[in-house]
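Visitor: I have not looked at this one before. Can we go through it together?
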Protein chains: 2
Amino acid sequence: MSHLPVSKTAAAVQPFHVMKILGEAKALEAAGQDIIHLEIGEPDFPSLPCVHEAVNQAMQAGLTHYTPTLGLPALRQKLAEFYGQFYHAQVPMERIMLTPGSSSGLQLLLTAILNPGDKVMLTDPSYPCNRQFVNLLHGQVISVPVDASSQYQLNSDLLQAHWQEGIKVVMVASPANPTGTVIEQTELVKMAQFLAKQNAYLLVDEIYQGLVYQRPAESILAHPNLPDNVLVINSFSKFFGMTGWRLGWLVAPLALMPILDRLGQNLFLAAPTLSQYGALRVLEPDALAQLEERRQAFEMRRNALLNAMQQAGWQVSVQPQGAFYVYWDVSNLTDNAEQLALDILHHAKVAVTPGKDFGEFKAKHHIRLAYTTSPERLTEAVKRITDYLATR
Amino acid sequence: MSHLPVSKTAAAVQPFHVMKILGEAKALEAAGQDIIHLEIGEPDFPSLPCVHEAVNQAMQAGLTHYTPTLGLPALRQKLAEFYGQFYHAQVPMERIMLTPGSSSGLQLLLTAILNPGDKVMLTDPSYPCNRQFVNLLHGQVISVPVDASSQYQLNSDLLQAHWQEGIKVVMVASPANPTGTVIEQTELVKMAQFLAKQNAYLLVDEIYQGLVYQRPAESILAHPNLPDNVLVINSFSKFFGMTGWRLGWLVAPLALMPILDRLGQNLFLAAPTLSQYGALRVLEPDALAQLEERRQAFEMRRNALLNAMQQAGWQVSVQPQGAFYVYWDVSNLTDNAEQLALDILHHAKVAVTPGKDFGEFKAKHHIRLAYTTSPERLTEAVKRITDYLATR
């Protein structure tokens, strides 16, 4: 094998560092240890029983063939109605495309836009795959360090301060991973308007949409005076609780849709058919009511974790407003968050994600905690870690 | 939109020409016409009831979360056993990765290997997406025209005659689309051995594996003295009848697996979970027995179509040995197969695919017929077309 070729971009792709934590956590569990998992960005809830019933019916009806590349027309229409009813956004179904997970949506959009050497602005910290997608397309990442002073988000001032020629796309996420913070709609629209003048796109990751606490759920698409350079990716994984179903969607300007259709025909043919029938069901009012109960459960978890952290005297970098993450500032404890994460796993039996997975800026001073387990386990996790820290 | 950027590679992606045929066919159907569909590369059978039952059980058990990126370990193990039992091939599960459709497998492998400017050899005609994948990675397609003299396939002599520096991957398919021809295993191994000396890979598309007639099903992986430069992609769509489930797999050298794992983590996270549980079931002996019945049904269809074509005096470029396609030589009828396909649709009410979708070489003299419908409809289609041709 040593002489067989491997591409430079593939060789440079970094593994998720959390995988090392996850691997060691599983080894400890196999050895009989009780590990509390706060490292995984996946809700513990399975998908809804009504979704399973709908999928069962679709299977029995033999609906297991390919769908059109853009997705089932009925589901695109349903999503258009969903935007209208819940987000007061007028999004025609012609602008909506189903994708096999939001990862594919992101890849499709960046592939449709970027030539080699084109620049993409994103924040440090942010979702780690975003950088990899840009690198695989031979683009250049323009990384903007953000901290609590901007809620760990881009804003119009930061964007303009870091602006440079050659940027074709600016990526933001609201709510964000790993901090759970939200960008106000007025700020998003200001950024979109600035970028429209530069002939660049604003790509908004709304995959945690709906999972917000003590504030209304929003979409940038609701704004009435939005320029036509806004791209949105979304997912049935998080709010809708359908991770393993690998289904997401994107919203793009009408002019881009034929290109995305042709690219999708080649890259993946179509999103999984039964997942699309499941998604049709999960958008019904009774299913959405159950998802609202789950959102409230996440809110209780969030509050339980934040309370326990506060009582333990831990520093939280920024109050999370959505998703299911808290970005824990461990600068008073270590200059090596990755080692601390390993120590916490082995001594306190709690699995957490080091900041390094989300970038470089202040990464060695942060750990991400995912509240994807019960309030009791979250409180127990903080107690275990506190007990361990007292022994150091 | 006119000033918003679009990448050159995306703008250059061609639509499938069959989509125009399909669109017009659907319009005719909407107007009440009876159209016989011989244009679509998808079996008409739905997936098996036992698969549906297994998926239903998995849903009820709440097995709807992400799987590992490489796939469910149980399914990788089952595929390893499947290779042993049915193909006498020793393929350890560590070399097997589940992918969201074989499209993703192909993309993953080419992304892992190709730097910009690297060359990929493939045949003209061949599956149209292959060229697009190379172009999207800024690679260079080395297209080898093939005809009946080589069964529309590459062989060791052709490969060496067209060899040039910079080729990193040679792509073949057996059985092939659009001709249904098979490459003999000895020839495949000769090619792999030549390429091994050149530090290049042989990528074998086995997605129609199992769908062969009057000969045994094979895999290149069964050969005992195979060099380690062989890559295989496969799919649950064709033989296993699970198109809409979007599940395929790849087999790669061990040394490439960590890179493919990391790439997969970023590009798609994991293949659809329930499709993997369905695939576990479809590999059981009773399910495989049902699939063998379907294979026999395809064989009857193939024979019915070939007989009807022979009686009508049509020219078949090469006897198809597998898949579900016949490549019809229309050089005695037209120099514009695309126009003929449209005429056949509108006058004979039969939808067929023009050769243009598979390349350029002799494309204007060929039409692909897919025998994915009943023998009666296939015979009727030939009659309708014959009647129309008599009026021209």
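**Salt bridges, interface and backbone**

Guide: B:Glu299 and B:Arg295 both sit in helix α11 (residues 285-311) of chain B, four residues apart, about one turn of the helix. Helices (H or I, at least four residues) and strands (E, at least two) are DSSP runs, numbered from the N terminus. This is a predicted model, where local features need pLDDT of at least 70, side-chain atom pairs count only at pLDDT 80 or more, and totals for chains, interfaces and linings use all residues. Residues are numbered from 1 along each chain as its sequence is written, chains are lettered from A and ligands numbered from 1 in the order in which they are written, and side-chain values use heavy atoms, with hydrogens and water left out.

Visitor: What do the side chains of B:Glu299 and B:Arg295 meet in?

Guide: A salt bridge, at 3.1 Å, N to O. The term means a side-chain nitrogen of Lys or Arg within 4 Å of a carboxyl oxygen of Asp or Glu.

Visitor: Is B:Glu299 buried or exposed?

Guide: B:Glu299 counts as buried at 15% relative accessibility, and B:Arg295 counts as buried at 14%. Buried means under 20% relative accessible area, exposed over 50%, and partly exposed in between (1.4 Å probe, protein chains only).

Visitor: Which residues are joined into one network by salt bridges that share partners?

Guide: A:Asp34, A:Arg377, A:Glu380 and A:Arg384. Within that group, the side chains of A:Arg384 and A:Glu380 meet at 3.0 Å, N to O. Both lie in helix α13 (residues 375-391) of chain A. A:Arg384 is buried at 17% relative accessibility, while A:Glu380 is partly exposed at 33%.

Visitor: And in chain B, what does B:Asp34 pair with?

Guide: B:Asp34 forms a salt bridge with B:Arg377 (2.9 Å, N to O). B:Asp34 is in the loop between α2 (18-30) and β1 (36-37) of chain B and B:Arg377 is in helix α13 (residues 375-391) of chain B, so the pair ties together parts that are 343 residues apart in sequence.

Visitor: How many salt bridges are there over all chains?

Guide: The whole structure has 28. Between chain A and chain B the count is zero.

Visitor: What area do chain A and chain B bury between them, then?

Guide: About 6,200 Å², 60% of it on carbon and sulfur atoms. Buried area is the accessible area (1.4 Å probe) that two parts lose on being put together, summed over both. The contact (heavy atoms within 4.5 Å) takes 72 residues from chain A and 72 residues from chain B.

Visitor: Where is A:Arg262?

Guide: In helix α9 of chain A. Leaving aside neighbours within four places in sequence, A:Arg262 is in contact with B:Ala11, B:Val13, B:Gln14 and B:Pro15. A:Arg262 is buried yet has no salt bridge, and the nearest side chain of opposite charge, A:Asp261, is 7.8 Å away. For that search, Lys and Arg count as positive and Asp and Glu as negative; His and the chain ends are not counted.

Visitor: Changing topic to the backbone. What kind of peptide bond joins A:Ser174 and A:Pro175?

Guide: A cis one, with omega about -5 degrees. The bond from A:Asn177 to A:Pro178 is also cis, with omega near 20 degrees. A:Pro175 is in the loop between β5 (167-173) and α8 (185-197) of chain A, and A:Pro178 is in the loop between β5 and α8 as well.

Visitor: What about the phi of A:Arg246?

Guide: A:Arg246 has a positive phi of about 50 degrees although it is not a glycine. A:Arg246 is buried, with a relative accessible area of 4%.
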